[in-house]
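Work through the exercises below with the model open beside you. Try each task before reading its solution.

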Amino acid sequence: MVVHEKGTMPLPQNEGLTLSTAYETNIGIRMMQINRLGGKYGSCTDGADFLKKYHLNYTVQLCYTMCEVSFTELKCGCTPVSTPDVYDTEVSVCDLLNKTIRYCVLNVNYDILNGYVDCECPTRCSEQVYTYSSSGRQWPHAVYLKYVLIDEVCRRDYTKTFYTDLCEIYKTNNLTDYDLELMFGNFVAVNVYFEDLNYELMKEEPLYNTVRFLSDIGGTMGLFTGASALTYCEILQVIVEIGIFFRNRRRPTVNNIN
């Protein structure tokens, strides 16, 4: 099972969560909205070119998948098994029983994983990310299996294909523990819910924008202007004090003697 953003292509082989049979899994999910600036502030994409080329909404994982498909078709002449079904191509699926094709496909995967092939898959400028926590328990109980689940299965038309013999035994109420054991591994339960109805918003903002730049220029100019005016006053004060000093020095001292 894959928990993914609405409108995007699920990739169970890369992002899937395994659900065990004879088990009830509870999955609590949280949503996070991420908005990136892009442009001169970073590398991100709105996915418009990807959508135009593949007719699929852009995700990073899907971009790497389509990159693998493109390079496999180019180098090996076939399309990998993991190619999304919605991808329209006339190239046949790779025959992995063929040793040459198998090694070619492995080499393409090796080159992509080690960065020898530049797939150019930046992050999206705006995306929803779901995080989840899971817990579970063994399920179903033998009594619930016998009197609820099996009764529901045998009551439907599925008995034409599945459990025909067991349903006949069930009608006679002679199911043994071995018969129930055969059915346990064919049921799975999953409950998906939001842990919180609020979501977290992660938003990038420019640290230094035009308004702040002009404000800093004005503050700096004001600082220098104020410092200059103060310097002029101090220079005038020094000149006046020097003049007073020399004037007092030349004045004769008169002592009155009786």
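Gln-33 is buried, with a relative accessible area of 13%. The model is a predicted one.

**Exercise 1. Find how many disulfides the whole structure holds, then describe the one between Cys-67 and Cys-119.**

Solution. 
- Step 1: Search the whole structure. Five disulfides turn up.
- Step 2: Recall what such a link is. A disulfide is a covalent bond between the sulfur atoms of two cysteines.
- Step 3: Take the pair. The sulfur atoms of Cys-67 and Cys-119 are 2.1 Å apart.
- Step 4: Get the handedness. The torsion about the S-S bond of Cys-67 and Cys-119 is about -75°, so this disulfide is left-handed.
- Step 5: Locate both ends. Cys-67 is in helix H3 (residues 60–76), and Cys-119 is in the loop between helix H4 (99–113) and strand S3 (123–124). The pair therefore ties together parts that lie 52 residues apart in sequence.
- Step 6: Cys-67 and Cys-119 are both buried.

**Exercise 2. Do likewise for the disulfides Cys-76 to Cys-104 and Cys-78 to Cys-94.**

Solution. 
- Step 1: Start with Cys-76 and Cys-104. Their sulfur atoms are 1.9 Å apart.
- Step 2: Read the torsion. It is -95° about the S-S bond, and the link of Cys-76 and Cys-104 is left-handed.
- Step 3: Locate the ends. Cys-76 lies in helix H3 and Cys-104 in helix H4, so the pair ties together parts 28 residues apart in sequence.
- Step 4: Apply the burial cut-off. Cys-76 has 16% relative accessibility and counts as buried. Cys-104 has 19% and counts as buried too.
- Step 5: Turn to Cys-78 and Cys-94. Here the S to S distance is 2.0 Å.
- Step 6: Read the torsion. With 90° about the S-S bond, the link of Cys-78 and Cys-94 is right-handed.
- Step 7: Locate the ends. Cys-78 is in the loop between H3 and H4, and Cys-94 is in the loop between H3 and H4, 16 residues apart.

**Exercise 3. Work out which residues of helix H6 are buried, and which are exposed on its other side.**

Solution. 
- Step 1: List the buried residues. In H6 (residues 164–171), they are Leu-166, Cys-167 and Tyr-170.
- Step 2: Check their directions. They cover an arc of only 100° around the axis, which puts them on the same side of H6.
- Step 3: Recall the geometry. An α-helix has 3.6 residues a turn, so residues three or four places apart point the same way.
- Step 4: Turn to the other side of H6. Asp-165 and Lys-171 are exposed there.
- Step 5: Find the cover. What lies over the buried residues of H6 includes helix H5 (142–155) and helix H7 (177–184).
- Step 6: Step past the helix. Asn-173 follows H6, and its phi is positive, near 60°.

**Exercise 4. Describe the backbone at Pro-140, Ala-22 and Glu-120.**

Solution. 
- Step 1: Most residues other than glycine have a negative phi, and most peptide bonds are trans.
- Step 2: Take Pro-140. The peptide bond from Trp-139 to Pro-140 is cis, with omega near 0°. Pro-140 lies in the loop between strand S4 (126–138) and H5.
- Step 3: Take Ala-22. Its phi is positive, about 55°, although Ala-22 is not a glycine. Ala-22 is in the loop between H1 and S1.
- Step 4: Take Glu-120. Its phi is also positive, near 55°. Glu-120 is in the loop between H4 and S3. At 62% relative accessibility, Glu-120 counts as exposed.

Notes. Residues are numbered from 1 along each chain as its sequence is written. This is a predicted model: local features need pLDDT of at least 70, side-chain atom pairs count only at pLDDT 80 or more; totals for chains, interfaces and linings use all residues. Side-chain values use heavy atoms; hydrogens and water are left out. Buried means under 20% relative accessible area, exposed over 50%, partly exposed in between (1.4 Å probe, protein chains only). A disulfide is a pair of cysteine sulfur atoms within 2.5 Å. Helices (H or I, at least four residues) and strands (E, at least two) are DSSP runs, numbered from the N terminus. The arc is that of the directions from the helix axis to the C-beta atoms. Contact means heavy atoms within 4.5 Å.
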